Amino acid sequence: MNLDYYKTFYYVALSKNFTKAAELLGNNQPNVTRSMNNLEAEFGCRLFARSNRGVSLTPIGEQLFQYVSAAMNNLEQGEEEIKKTLNIENGLVTIGSSETALRLMLLERLGSFHEEHPKIHFRISSYSTPQTIQALKEGKIDFAVISTPVDIKKPLHKTPLVTFQDVLIGGPKYRELASKTRSLNELMSYPFVSLPPETGTRMFYTQYFMNQHLSFHPEIEVAATDQIRLMVRYNLGIGFCPDDLAADYIARGEVCQIHLLEEIPKRQICLVTDESKVLSSAAQKLRDALAADASYRPFFCDC
């Protein structure tokens, strides 16, 4: 199969003239004629009817043209899609993010990036950390921005972006607990509010309690960190929340911070990419911008 023959056939059929087809192809008329003679010889039939006014397709030629034109249209559409993909100023970036990562840093970074590249579009899916990693493995997203803990293996690669600290908070009903530093064991009789077991945050606190030889069994499970703050505010229990997200509530006196003897380990927000997959130019640009921003912050560390 000589693909050049089919390309030449396509342009001859469109222009109905060997000379015009040669001009469109940047070739010369004898080469075009020779190519079509060779293609007809391969099929053993006439594809064109020649006349002084030019050429027209024979019935067999018409049949072949349906397939060749469909292939050429697909190729042209493919070229356009690839050009769009490689054009950083008109790309689409698909991002998977955990809620904590989205609220603590990603929205702010996307805002800054959008100011510089207003024609790049984002498609953001909010999952739990494990769900986000699975979406990345399945190729549903370009990259992930998630909060630790996270367990990944090659070809996935993670880059730390932001370090953050959780705090334990309680509503007015539990204000007495904030009067002094408490041990986890003292709080085991109180109702906890937490995210579901399949989230990275829940896994983190399950391990945190296990490290103190305790079990973590929240009485209330909610779908989002914001809901933890609301549940705590209305005295439905006590719960852990990133300090940045709890700060306004604490400042207004709507909740109080309960200080613990057992230090809560710091957590991180990480960028996770699949090194086996090629990103579009737009996705590469945003990924590099996130990673570069991280390199200027002195408190970043490996995660």
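**Notebook: cores and helix faces**

I began with the largest nonpolar core, which has 34 residues; Val145 and Leu290 touch the most other members. I take a nonpolar core to be a set of buried Ala, Val, Leu, Ile, Met, Phe, Trp, Tyr and Cys residues joined through side-chain atoms within 4.5 Å. Buried stands for under 20% relative accessible area, exposed for over 50%, and partly exposed for in between (1.4 Å probe, protein chains only). Helix α5 (residues 99-116) supplies the largest share of this core, seven residues. I also noted a second, separate core of 21 residues, which includes Tyr5, Ala22, Phe48 and Leu64.

For the record, this is a predicted model, in which local features need pLDDT of at least 70 and side-chain atom pairs count only at pLDDT 80 or more, while totals for chains, interfaces and linings use all residues. Residues are numbered from 1 along each chain as its sequence is written, and side-chain values use heavy atoms, with hydrogens and water left out.

**Contacts of single residues**

I listed the contacts of Val145 (heavy atoms within 4.5 Å). Leaving aside neighbours within four places in sequence, Val145 is in contact with residues including Ile95, Ala101, Met105, Leu161, Ile269 and Leu290.

I then looked up Thr100, which is found in helix α5. Thr100 is buried, with a relative accessible area of 5%. Neighbours within four places in sequence aside, Thr100 is in contact with Ser147, Phe164, Thr201, Thr225, Pro242 and Ile269.

Glu254 lies in the loop between α9 (243-251) and β11 (256-258). Its side chain makes a polar contact with the side chain of Arg252 at 3.1 Å. A polar contact is a pair of N or O atoms within 3.5 Å; within protein, one must be able to donate a hydrogen and the other to accept it, and residues adjacent in sequence count only if both atoms are side-chain atoms. Not counting residues up to four places away in sequence, Glu254 touches Gly171, Pro172, Arg233 and Tyr249.

**Helix α3**

Helices (H or I, at least four residues) and strands (E, at least two) are DSSP runs, numbered from the N terminus. I checked the length of α3 (residues 29-43): at 1.5 Å a residue, its 15 residues should span 21 Å, and the end C-alpha atoms are 21 Å apart, which agrees. The expected span is 1.5 Å times one less than the number of residues.

The buried residues of α3 include Val32, Met36 and Leu39. The arc is that of the directions from the helix axis to the C-beta atoms. The face turned away from the buried side carries the exposed residues Ala41 and Glu42. I found the buried residues packing against α1 (3-15), α2 (18-25) and β1 (48-51). Asn28 caps the N-terminal end of α3, with a side-chain oxygen 2.9 Å from the backbone nitrogen of Asn31. Just after α3, Gly44 takes a positive phi of about 75°.

**Helix α2**

In α2, Phe18, Ala21 and Ala22 are the buried residues. They cover an arc of only 105° around the axis, which puts them on the same side of α2. Glu23 and Leu24 are exposed on the other side. At the start of α2, a side-chain oxygen of Asn17 reaches to within 2.8 Å of the backbone nitrogen of Thr19. Gly26 follows α2 and has a positive phi, near 70°.
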